[in-house]
Amino acid sequence: GGTHHTMEDIAVASAIPNMTVLAPCDPEEMRQATRWCAKESTGPVYMRLGKAGEPDLTANAIAPFKKGKIRYLKKGSDIAILSYGITVAMAFDIAKQLEMQGKSVSIISCHTIKLE
């Protein structure tokens, strides 16, 4: 969680050769990423975990979890917000404010930061 990693952990892990770096946005995306790590990954993986209590952000996701692919959680036509990890929740908050101003917003989870 937030007290157990540094702000630079993604940068440091990304600099390690052959390291895959994942940052899921909610518990379900974490389960899917963990399943991928256990069944398909063939090398080292760094996965940033959020603190307990993340909201469910992917229940109505348009696209499925696929390692290495961005994932549309919500489709809009005016603005796209790309985010990863726990900051995806902030993207939903910002989208809500923009939608109150009449904008149509896409939210995209970039859960795979780096592939091996």
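First, the ground rules. This is a predicted model, in which local features need pLDDT of at least 70 and side-chain atom pairs count only at pLDDT 80 or more, while totals for chains, interfaces and linings use all residues. Residues are numbered from 1 along each chain as its sequence is written, and side-chain values use heavy atoms, with hydrogens and water left out.

Start with the strands. Strand β4, residues 79–83, runs parallel to strand β5, residues 105–109, and five bridges join them. Strands here are DSSP runs of E, at least two residues, and helices are runs of H or I, at least four, numbered from the N terminus; two strands pair if DSSP finds at least two bridges between them. Ile79 stands opposite Val105 in β5.

With helix α3, residues 88–100, β4 and β5 make a right-handed β-α-β unit. Right-handed means that, with the strands pointing away from the viewer, the path from the first strand over the helix to the second runs clockwise.

Now the packing. The largest nonpolar core has ten residues, among them Cys25, Leu57, Ile81, Ala91 and Val105. Its largest share, four residues, comes from α3. A core is a set of buried Ala, Val, Leu, Ile, Met, Phe, Trp, Tyr and Cys residues joined through side-chain atoms within 4.5 Å, and buried means under 20% relative accessible area (1.4 Å probe, protein chains only).

Last, the ring. The charged end of Lys75 sits over the ring of Tyr72, 4.0 Å from its centre; the criterion is NZ of Lys or CZ of Arg within 6 Å of the ring centre and within 35 degrees of the ring normal.

Notes
Buried < 20%, exposed > 50% of the residue type's maximum accessible area, 1.4 Å probe, protein only.
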